[in-house]
Amino acid sequence: MLSKLWFALINENTGDMRVGGMRHTIEIQRRTTERNGFGELVETWGTIATVRAQVTIDSGAQVVQQDEVSNTQNIKVQVWGHVDVTERDRVIWRGGTYYIDMIPPSYDDRTKVLNCRRVNV
């Protein structure tokens, strides 16, 4: 029953989405550069939008390189097309910080898909 409900919310073959599929809340943050009291450039991240989204966990991996373990988790975040977001921004979801790898072109302007990655989960 649950799988039928999920399929009704989003049909991944066509990308059709219903409003009920936007059940997660995410923050979109943008990096800014400011000068501190000593005149040094300091990078800070500020929230530019808190929006509804559909988040799908895509894949994950663990790599051991030179005795160091690196974990990654990939997610896909679908937001409405009017949301101002670029590949230089990042997504905060469930306390995790995800960097946006790619925003593929959309066949229509209704929604955007953000391919995101979190390192060292």
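Modeller: Let's start with a turn: E4 and E5 form a hairpin with two residues between them, and Gln 66 in that turn has a positive phi of about 50 degrees. Helices (H or I, at least four residues) and strands (E, at least two) are DSSP runs, numbered from the N terminus. This is a predicted model, where local features need pLDDT of at least 70 and side-chain atom pairs count only at pLDDT 80 or more, while totals for chains, interfaces and linings use all residues. Residues are numbered from 1 along each chain as its sequence is written, and side-chain values use heavy atoms, with hydrogens and water left out.

Biologist: Over how many bridges do E4 and E5 pair?

Modeller: Two strands pair if DSSP finds at least two bridges between them. E4 and E5 pair over 11 bridges, in the antiparallel sense; Gln 62, for one, has Asn 71 in E5 as its bridge partner. E5 and E8 also pair in the antiparallel sense, over nine bridges, and there Gln 78 is bridged to Val 113 in E8.

Biologist: Which residues touch the most other members of the largest nonpolar core?

Modeller: A nonpolar core is a set of buried Ala, Val, Leu, Ile, Met, Phe, Trp, Tyr and Cys residues joined through side-chain atoms within 4.5 Å. Buried means under 20% relative accessible area, exposed over 50%, and partly exposed in between (1.4 Å probe, protein chains only). In soluble globular proteins, nonpolar side chains tend to be buried together. Here the largest core has 18 residues, and Ile 26, Val 77, Val 91, Leu 114 and Cys 116 touch the most other members. The elements giving two or more residues to this core include strand E3 (24–35), strand E4 (41–65) and strand E8 (111–119). E4 supplies the largest share, four residues.

Biologist: What is Leu 114 in contact with?

Modeller: Contact means heavy atoms within 4.5 Å. Setting aside neighbours within four places in sequence, Leu 114 is in contact with Ile 75, Lys 76, Val 77, Val 85, Val 91, Ile 100, Met 102 and Ile 103.

Biologist: How many aromatic pairs are there in the structure?

Modeller: Rings of Phe, Tyr and Trp (its six-membered ring) pair if their centres lie within 6.5 Å; planes under 30 degrees apart count as stacked, over 60 as edge-to-face and the rest as tilted. The structure holds two such pairs. Trp 45 and Tyr 99 are edge-to-face, 6.3 Å centre to centre with 70 degrees between the planes. Trp 45 lies in strand E4 and Tyr 99 in strand E7, so this pair ties together parts that are 54 residues apart in sequence. The rings of Trp 93 and Tyr 98 have centres 6.3 Å apart and planes at 50 degrees, so that pair is tilted.

Biologist: Are Trp 93 and Tyr 98 buried or exposed?

Modeller: Trp 93 is buried at 6% relative accessible area, and Tyr 98 is buried at 2%. Trp 45, at 26%, is partly exposed, and Tyr 99, at 37%, is partly exposed.

Biologist: What does the side chain of Gln 29 make a polar contact with?

Modeller: A polar contact is a pair of N or O atoms within 3.5 Å; within protein, one must be able to donate a hydrogen and the other to accept it, and residues adjacent in sequence count only if both atoms are side-chain atoms. For Gln 29, the partner is the side chain of Arg 90 (2.7 Å). Gln 29 is found in strand E3 and is buried, with a relative accessible area of 10%.
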